[in-house]
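Please look through the sequence and the model below before reading on.

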Amino acid sequence: MKKVYTGKTKDVFALDNGNYLLKFKDDCTGKDGVFDPGENAVGLTIDGVGDVNLRMSVYFFEKLKQAGIKTHYVSADLENTTMEVLPATVFGKGLEVICRYKAVGSFIRRYGDYIEEGADLDAYVEMTFKNDEKGDPLVTKDALIALGVMTDEQYETTKDMTKKITKIVADDLAEKGLVLYDIKFEFGFCGNDEVVLIDEIASGNMRVYKDGQYIDPMTLSKLFFA
């Protein structure tokens, strides 16, 4: 295997069959030792978080497969904390897609003059460019099209898929007495520009609350698989 990318929470290796291998790590995004899925730098290391992130990702990727939603997932090796995925091209230099059910995090920091923290949002979808130096700037649909990053159709497909996937995740969490506030995804495209979900679906990429209290990633994973 040849390492082709070193990420904040995963490393990527090229496989001989043309697919890629994601190696999950125990690093989490955050600041000053506090986890925050909205941060763009590694802020802490949590023992075992790579393992539980992989397990949760496999759980949801299999669920999405049953729902007919396209992803890059092929298989996983839980013992080695790796996941084999199909080759996919990211949008631009990397695009993050956030779906928000509640006003928290960077949303409330930007728009706190207009909305109260924790207020309901109707599956609000926003996109940001992955750029650590610029703080992952927000980007509009018109800008994505003007810059040639996405077509109108790809944007609408991504937005629609984001809402469907978020509902599947939120409904599953709700069955366990957990409330999803927001979640972050990454999308790419394969072959004939077909949009697919890539990366992971894990506790490190979502904000979840129970009885009004925030649940940290490791506790969330324990509750999820209890």
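**Briefing on the predicted model**

Strand β7 (residues 73-77) and β8 run antiparallel and are joined by 4 bridges, where strands are DSSP runs of E of at least two residues and helices are runs of H or I of at least four, numbered from the N terminus, and two strands pair if DSSP finds at least two bridges between them. The model is predicted, and local features need pLDDT of at least 70, side-chain atom pairs count only at pLDDT 80 or more, and totals for chains, interfaces and linings use all residues. Residues are numbered from 1 along each chain as its sequence is written, and side-chain values use heavy atoms, with hydrogens and water left out.

**Strands around β8**

- In the pairing of β7 with β8, Ser-75 has Glu-84 as its bridge partner, and in the hairpin of these strands, which has 4 residues between them, Thr-81 takes a positive phi near 55°.
- β3 also runs antiparallel to β8, joined by 4 bridges, and here Leu-22 has Met-83 as its bridge partner.
- From strand β8 (residues 82-85), Thr-82 and Glu-84 point one way while Met-83 and Val-85 point the other way, and all are buried; buried means under 20% relative accessible area, exposed over 50%, and partly exposed in between, with a 1.4 Å probe and protein chains only.

**The largest pocket**

- The largest pocket has a volume of about 920 Å³, and of the 35 residues that line it, the closest to its centre are Tyr-5, Val-12, Lys-130, Glu-186 and Asp-199.
- A pocket is an open set of points on a 1 Å grid over the protein atoms alone, where a 1.4 Å probe fits, with protein on both sides within 12 Å along at least five of seven lines, and lining residues have an atom within 4 Å of a point.
- β1 (2-6), β2 (10-14), β3 (20-24), β4 (27-31) and β13 (179-190) each supply at least two residues of this lining, and β4 gives the most, with 3 residues.

**Cysteines**

- The count comes to 0 disulfides, a disulfide being a pair of cysteine sulfur atoms within 2.5 Å.
- Cys-99 is buried, because its relative accessible area is 1%, and Cys-190 also counts as buried, because its relative accessibility is 14%.

**Lys-222**

- Lys-222 lies in helix α5 (residues 217-224) and counts as exposed, because its relative accessible area is 60%.
- Lys-222 and Val-52 are 170 residues apart in sequence, and their C-alpha atoms are 8.4 Å apart in space.

Methods:
Points joined across faces, edges and corners; volume = space filled by probe spheres on them.
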